[in-house]
Amino acid sequence: MAVPDRIVVVGASLAGLRAVQTLREEGHDGAITVVGAEPHLPYDRPPLSKEFLAGTMSRAEVDLPLGAAETADFRLATRAAAVDLGPRHVVLETGEELAFDGLVIATGAHPRTLPGLPERDGVFVLRTIEDGEALRHRLEGGPRVAVVGAGFIGSEVAATCHQRGLEVTVVEALPVPMARGVGELVGRRCARLHADHGVELRLGVGVTGLAGGDRVEGVVMADGTTVPADVVVIGVGVAPTTRWLAASGLDVADGVRCDRWCRALADGQPVPGVVAAGDVARWENPLFAEVMRLEHWTNAAEQGRAAALTLLRGQDAAVFDPIPYFWSDQYEAKIQFVGRSGPDVAVVDGSLDDDRFVVAYGSAGRLVGALAFSRPARLMAYRAMIGKGEPFPSSDS
């Protein structure tokens, strides 16, 4: 295959940065242009709900080092409006066209919102550094905080706000926190983690509106009650940022559909010289025989590198078949997860009544995932077992 000379990376994200770094480290000396919607060079997002929000990490510490990407042309505060795969150029919102031989799609995701909620002062989402700075500033006044959504981001925000000495209530339409990611058994343990720290939980009840005038005063629940709040943080997940690709011909249902080499697909076929990585990519992971889209830091970093290698080597590059990994710091607990959730669940180390334990997940008799509360060494042992395709254990061996 011909190695692309002019490469455009759309998305000044972690995945985009890792792609550029890899291209340079592997000897690509052609033009690389990075188009980023935000006015900043790439920065780290996980601290926004933890150390940065807590005030223990500075703005400068959030920035990611450019390293080998320093020679790329970063076009910041610039949005891509479309891509034309015929003449092979990216169209910017300004009307400018950027020709490419290789394209990396790394536009990430944007926060979902609750339909029908009016804009009010004191209502926040948490995705960008500006979101983090605005929320951190508002927390300095000692407000009552309501977090809508008990997924990982919502739970981290709740924990951080509690550690700042604030009164916090978490509201979640599902019966347990983080049920979609870790299942009901571990979700109930996560609920207890919040309750043990004095954070109020309102579970199994949806949100119908916001109380207050121009400034929010509370969250109105489906059961007719109102949770008083001076600050409301909406954390109900994210959606892949693909609107700019709507007319491209690429398959973009729930992210850019890719094959196992991260090559973007159109009508089910790979498009030469076009790859995707990070939160925006939905690809075939042969290790799990599953098409997946992940919103984790580790995946963005690893997939950015894999996509760049595919641009340079085509199918001579390794397929992208990682064992997913993510972590979440909540209160004193470090929650880590490897692999995927599954219908079979067993506590294989410690007890859910303890602060340190490991839970295994299985499917069709195979070990597919494991979660640990503050047991990193044991978790890595299970990660190796997942990679070997070992059977699902019913108890600790």
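## Helix crossing, strand pairing and loop residues

Helices H1 and H7 cross in a right-handed sense. The model is predicted.

**The helix pair.** H1 spans residues 14-25 and H7 spans residues 297-313. Their axes come within 7 Å of each other and cross at roughly 40°. That angle makes H1 oblique to H7, because angles from 65 to 115 degrees count as roughly perpendicular and those under 35 as roughly parallel. On the H1 side, the contact is made by Leu-14, Ala-15, Arg-18, Ala-19, Thr-22, Leu-23 and Glu-25. Facing them in H7 are Trp-297, Ala-300, Ala-301, Gly-304, Arg-305, Ala-308, Leu-309 and Leu-312. By class, this contact holds 10 nonpolar, 2 polar and 3 charged residues.

**Strand S21 and its partners.** S21 covers residues 281-285. Of its 5 residues, 4 are buried, so the strand is mostly covered, buried being under 20% relative accessible area. S21 pairs with strand S18 (residues 256-258) through 3 bridges, and the two run parallel. Within that pairing, Cys-258 has Trp-283 of S21 as its bridge partner. S21 also pairs with strand S22 (residues 290-292), again through 3 bridges, but here the strands run antiparallel. Asn-285 stands opposite Glu-290 in S22. S21 and S22 form a hairpin, with 4 residues between them. In the turn, Ala-289 has a positive phi of about 50°. Most residues other than glycine have a negative phi.

**A three-stranded sheet.** Strands S4, S5 and S6 form an open sheet in the order S4-S5-S6, with antiparallel pairing. S4 (80-84) and S6 (97-99) are the edge strands. Each has a single partner strand, so one side of each is left without a neighbour in the sheet. Neighbouring strands of this sheet are turned by 25° against each other on average, direction ignored. S5 (residues 89-92) and S6 are joined by 3 bridges in the antiparallel sense. Val-91 has Glu-97 of S6 as its bridge partner.

| Residue | Loop between | Relative accessible area |
|---|---|---|
| Asp-254 | S17 (238-240) and S18 | 42% |
| Tyr-331 | S23 (325-330) and S24 (333-339) | 9% |
| Ser-374 | S27 (366-373) and H8 (376-387) | 19% |

Asp-254 is partly exposed. Its phi is near 55°, a positive value in a residue other than glycine. Tyr-331 is not a glycine either, and has a positive phi of about 55°. Tyr-331, however, is buried.

Is Ser-374 buried or exposed at 19% relative accessibility? Ser-374 counts as buried, because the cut-off for buried is under 20% relative accessible area. Which residues is Ser-374 in contact with, leaving aside its neighbours within four places in sequence? They are Glu-332, Ala-333, Lys-334, Asp-355 and Arg-356. One of these, Ala-333, belongs to the range 333-339 of strand S24.

Technical notes. Residues are numbered from 1 along each chain as its sequence is written. This is a predicted model: local features need pLDDT of at least 70, side-chain atom pairs count only at pLDDT 80 or more; totals for chains, interfaces and linings use all residues. Side-chain values use heavy atoms; hydrogens and water are left out. Buried means under 20% relative accessible area, exposed over 50%, partly exposed in between (1.4 Å probe, protein chains only). Two strands pair if DSSP finds at least two bridges between them. Axes are lines fitted to C-alpha atoms, for helices over the stretch in contact, and angles run from 0 to 180 degrees between N-to-C directions. Contact means heavy atoms within 4.5 Å. Angles under 35 degrees count as roughly parallel, over 145 as roughly antiparallel, 65 to 115 as roughly perpendicular and the rest as oblique. A crossing is left-handed if the near helix is turned anticlockwise from the far one by less than a right angle, and right-handed if clockwise. Ala, Val, Leu, Ile, Met, Phe, Trp, Tyr, Cys and Pro count as nonpolar, Asp, Glu, Lys and Arg as charged, and the others, Gly among them, as polar.
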